[in-house]
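Hi,

Here's the structure I promised to pass on. Have it open while you read, and my notes follow below.

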Amino acid sequence: MILKKFAAVFAASLLLSAPGFAQDVFVTVNGAKVPKYVADVLIEEQKAAGVAESEEMLNAVRDALIRRELIVAEARRAGLEKKPEIQGMMENARLSVLVRAYIDDYLKANPVTNTDISATYETFKQQIGNTEYHVRHILVENEKEAEEIIAKLKKGSKFATLTDSSLDVASKDNGGDLGWMSPAAFVQPFAQALAQLKKGQYTQTPVQTDFGYHVIMVEDTRATKLPPLEQVQEQIRQRLNQQKVENLLEELRAKAEIK
């Protein structure tokens, strides 16, 4: 089908009637005039989705708008737009379009720069460190339990055989295995204790966090391999854009009178 994502386009087009000023007419259905600017929105969406502008595409847009008008007329005839829940849905959708438009304009006026992206990437590299660890751990409720586990390890017990009492249900049945991780992925002081261990070593004293007491073992280590900046720069850009929007909302909320 030449018109991509018809359902989404169809729904969005319901919001785009704006009477009150003259516009060129794209199509008329039973006397209802569909402005050209409404069609232009759908045409641009199709082009953004990779559909080349052609007579076939324009005819598909025209057909979509005709189908919309036919159903809208029936919905109005049935009195649906007078129902409070329908009015609420339409208003929410209208405001969502307005919010998206404002955010797009804000980000265009306050763009994320290549310098921002590079700096974020470098900061992440520093946080992640040069070494990844294949980690096992046992989490227990109190320090005495953790000390008893360490004592068994010192007597030669295998780490993977001592995890039955672990409170970490996700790893206990797998010998406490957490897989390959960077210290930055863990809370302190877990991360600090991990970074001090070498291959085959385990913590000689219990490590306390908000979750309880940990016994940590490093199964193996390897050099950290990060994807090059070119592969992740768009992901970083999206994350920084999201942060810009969050900062904007915090500023607006701080200045707002909310009751």
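Let's start with the largest nonpolar core, which has 12 residues in all: Ile-138, Val-140, Ala-146, Ile-149, Ile-150, Leu-153, Phe-159, Leu-162, Tyr-202, Tyr-213, Val-215 and Met-217. A nonpolar core here is a set of buried Ala, Val, Leu, Ile, Met, Phe, Trp, Tyr and Cys residues joined through side-chain atoms within 4.5 Å. Buried means under 20% relative accessible area, exposed means over 50%, and partly exposed is in between (1.4 Å probe, protein chains only). Two or more residues each come from strand E3, helix H6 (143–154) and strand E6 (212–223), and H6 gives the largest share, 4 residues. Helices (H or I, at least four residues) and strands (E, at least two) are DSSP runs, numbered from the N terminus.

Before going on: this is a predicted model, so local features need pLDDT of at least 70 and side-chain atom pairs count only at pLDDT 80 or more, while totals for chains, interfaces and linings use all residues. Residues are numbered from 1 along each chain as its sequence is written, and side-chain values use heavy atoms, with hydrogens and water left out.

Apart from that core lies another one of 11 residues, including Tyr-133, Ala-193, Leu-197 and Ile-216.

Now look at Arg-136, in strand E3 (residues 131–140). Is Arg-136 buried or exposed? Arg-136 is buried, with a relative accessible area of 14%. Its side chain makes a polar contact with the side chain of Glu-219 at 2.8 Å (a pair of N or O atoms within 3.5 Å; within protein, one must be able to donate a hydrogen and the other to accept it, and residues adjacent in sequence count only if both atoms are side-chain atoms). A polar atom of the Arg-136 side chain also lies 3.0 Å from the backbone oxygen of Gly-175.

Next, two helices: the axes of H4 (residues 84–109) and H8 (residues 229–255) come within 11 Å and cross at roughly 110°. Axes are lines fitted to C-alpha atoms, for helices over the stretch in contact, and angles run from 0 to 180 degrees between N-to-C directions. That makes H4 roughly perpendicular to H8 (under 35 degrees is roughly parallel, over 145 roughly antiparallel, 65 to 115 roughly perpendicular, the rest oblique). Tyr-102, Ile-103, Tyr-106 and Leu-107 of H4 make the contact (heavy atoms within 4.5 Å) with Asn-241, Lys-244, Val-245 and Leu-248 of H8.

Cheers
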